[in-house]
Amino acid sequence: MGGHEEEGEGEEYLFKIVLIGDSVVGKSNLLSCFARNEFDNNSKATIRVEFRAVTPAYYRDVVGALIVYDISRRSNFDRIKRWLDELTTHCDTTVTRILVGNKCDLENIREVSVEEGKSLDEEEGLFFMETSALESTNVQTSFEIVIQEIYTNVS
Ligand code: GDP
């Protein structure tokens with residue numbers, strides 16, 4: 001984060017947002033789905049993608065996080081609290097967090113109900129959304145919720 005420049009009519013903000021969660025929950029697909037739609041919409045958004053191991057440096061200056069699980073894998077949901085603890089440990093600023101239940105297209109093999117996701121979000125004070133990177137469901141909205149909230153907090 002940090003960059004805030006006024007350039008004539010427009011303003012530029014740079015927010016560092018991370019996607020965390022167990023492997024194979026769909027983080028890279030969510031990001032590419034979001035980025036692709038941004039570019040399709042001819043938006044001026046620039047998305048710099050970096051894939052690195054999750055180290056303390058990864059969390060530096062983070063202002064937003066998508067904490068992702070796969071709705072068809074209960075074990076991913078059970079580890080969400082650990083990912084939240086990890087964020088708290090490494091981030092000293094307030095981080096806008098959204099809990100993302102990805103792969104909602106896999107309704108027939110769902111292991112985590114929508115209600116369980118919602119109750120965790122209420123308990124932890126997070127935003128919550130179910131998404132499908134495969135079908136582009138709610139992906140844009142999830143990122144936008146985080147970006148909008150961060151923007152509201154800094155402006
Ligand atoms: P990451 O390890 O968390 O970055 O997960 P990936 O983005 O690499 O995705 C892991 C696997 O899940 C891949 O085989 C994807 O095709 C699949 N996948 C990702 N998102 C979805 C989704 O929304 N629905 C379904 N059905 N599969 C998905």
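Helix H1 (residues 27–40) supplies the largest share of the shell around the ligand, three residues, where helices (H or I, at least four residues) and strands (E, at least two) are DSSP runs numbered from the N terminus. This is a predicted model, in which local features need pLDDT of at least 70 and side-chain atom pairs count only at pLDDT 80 or more, while totals for chains, interfaces and linings use all residues. Residues are numbered from 1 along each chain as its sequence is written.

Of the 14 residues around the ligand, those that come nearest are Gly26, Lys27, Ser28, Asn29 and Leu134, a residue being near if its C-beta atom, placed from the backbone, lies within 6 Å.

The largest nonpolar core has 31 residues, and Leu66, Ile67 and Val68 have the most contacts inside it. Such a core is a set of buried Ala, Val, Leu, Ile, Met, Phe, Trp, Tyr and Cys residues joined through C-beta atoms within 7 Å, and buried means that 20 or more other C-beta atoms lie within 10 Å of a residue's own, with C-beta atoms placed from the backbone. Among the elements that give two or more residues to this core are H1, strand E4 (62–70) and helix H5 (139–154), and E4 gives the most, with seven residues.

E4 is also mostly covered, nine of its nine residues being buried. On one hand E4 runs parallel to E3, joined by five bridges, with Ile17 opposite Gly64 in E4; on the other, E4 pairs with E5 in the parallel sense over seven bridges, where pairing requires that DSSP finds at least two bridges between two strands.

Notes:
Buried ≥ 20, exposed ≤ 12 C-beta atoms within 10 Å, placed from the backbone.
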